[in-house]
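This report describes the sheet, the helices packed on it and the side-chain pairs of one protein model. The sequence and the structure are shown below.

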Amino acid sequence: MAELTIQTTIQGGVPLVALTGELDAYHAPRLKTELENQLGGSSRALVISLKRVSYVDSTGLGVLVAVRKQAEPLGVSLHLVIGQESAVRRTFTITGLLPVFSIFDDEAAALEAAAFKEG
């Protein structure tokens, strides 16, 4: 079983949660806890980088959808970073979730959009 590394930093006042590895049923609860903790902060935006995620299953997708639903009434926007040609992007496309989220190709673009939401 591949690991999932979760690294959270603050970039210009915006939380950036960078994931590396596989987002599956085993690791999804830990990610859900981290994202919910970030929703409880003062930021109006949250960037989640999936650029270094090699695999995401339905449980991982479910966590992202659930956190998005929790974020909306709080006025927090989610910005996902997903590589253009990645297996993760294909999964989002196949499941119809690509248009549900604000998707960016790189962290800089996502952070810029999130900073605009902050301001």
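## Side-chain pairs and the sheet

Glu-72 and Arg-68 are four residues apart in helix H2 (residues 58-74), and so about one helical turn separates them. Their side chains meet in a salt bridge, with 2.9 Å from N to O. The term salt bridge denotes a side-chain nitrogen of Lys or Arg within 4 Å of a carboxyl oxygen of Asp or Glu. Glu-72 is partly exposed at a relative accessible area of 48%, and Arg-68 is likewise partly exposed at 24%. Here buried means under 20% relative accessible area, exposed means over 50%, and partly exposed lies in between, for a 1.4 Å probe and protein chains only.

The model is predicted: local features need pLDDT of at least 70, side-chain atom pairs count only at pLDDT 80 or more, and totals for chains, interfaces and linings use all residues. Residues are numbered from 1 along each chain as its sequence is written, and side-chain values use heavy atoms, with hydrogens and water left out. Helices (H or I, at least four residues) and strands (E, at least two) are DSSP runs numbered from the N terminus.

### The sheet

Five strands form an open sheet in the order S1-S2-S3-S4-S5, with mixed pairing. S1 and strand S5 (102-104) are the edge strands, each pairing on one side only. From one strand to the next, the twist averages 25°. Two strands pair if DSSP finds at least two bridges between them. In general, such strands pair through backbone hydrogen bonds, either parallel or antiparallel.

Strand S1 (residues 4-11) and S2 run antiparallel and are joined by eight bridges. Within this pairing, Thr-8 stands opposite Val-17 in S2, and Thr-9 has Leu-16 of S2 as its bridge partner. The hairpin of S1 and S2 has two residues between the strands, and Gly-12 there takes a positive phi near 60°. Strand S2 (residues 14-23) is mostly covered, since eight of its 10 residues are buried.

On to the next pairing: S2 and strand S3 (residues 45-56) run parallel and share seven bridges. Val-17 has Ile-48 in S3 as its bridge partner. Between S2 and S3 the chain crosses through helix H1 (residues 28-39), and this β-α-β crossover is right-handed. Right-handed means that, with the strands pointing away from the viewer, the path from the first strand over the helix to the second runs clockwise.

Strand S4 (residues 77-81) pairs with S5 in the parallel sense over three bridges. In this pairing, Val-81 stands opposite Phe-104 in S5.

### Helices on the sheet

H1 lies across S1, S2 and S3 and runs at about 175° to S2. Helix H3 (residues 87-94) packs on the sheet, where it touches S3, S4 and S5, and its direction makes about 105° with that of S3. Contact means heavy atoms within 4.5 Å. Axes are lines fitted to C-alpha atoms, for helices over the stretch in contact, and angles run from 0 to 180 degrees between N-to-C directions.

### Salt bridges and the aromatic pair

| Salt bridge | N to O distance |
|---|---|
| Arg-52 and Glu-107 | 3.5 Å |
| Arg-89 and Asp-105 | 2.9 Å |

Arg-52 lies in strand S3 and Glu-107 in helix H4 (residues 107-118), so their pair ties together parts that are 55 residues apart in sequence. Arg-52 is partly exposed at 43% relative accessible area, and Glu-107 is partly exposed at 22%.

Arg-89 counts as buried at 12% relative accessibility, whereas Asp-105 is partly exposed at 32%.

One aromatic pair is found in the whole structure. The rings of Phe-92 and Phe-101 have centres 5.9 Å apart and planes at 70°, so the pair is edge-to-face. Rings of Phe, Tyr and Trp (its six-membered ring) pair if their centres lie within 6.5 Å; planes under 30 degrees apart count as stacked, over 60 as edge-to-face and the rest as tilted. Both Phe-92 and Phe-101 are buried.
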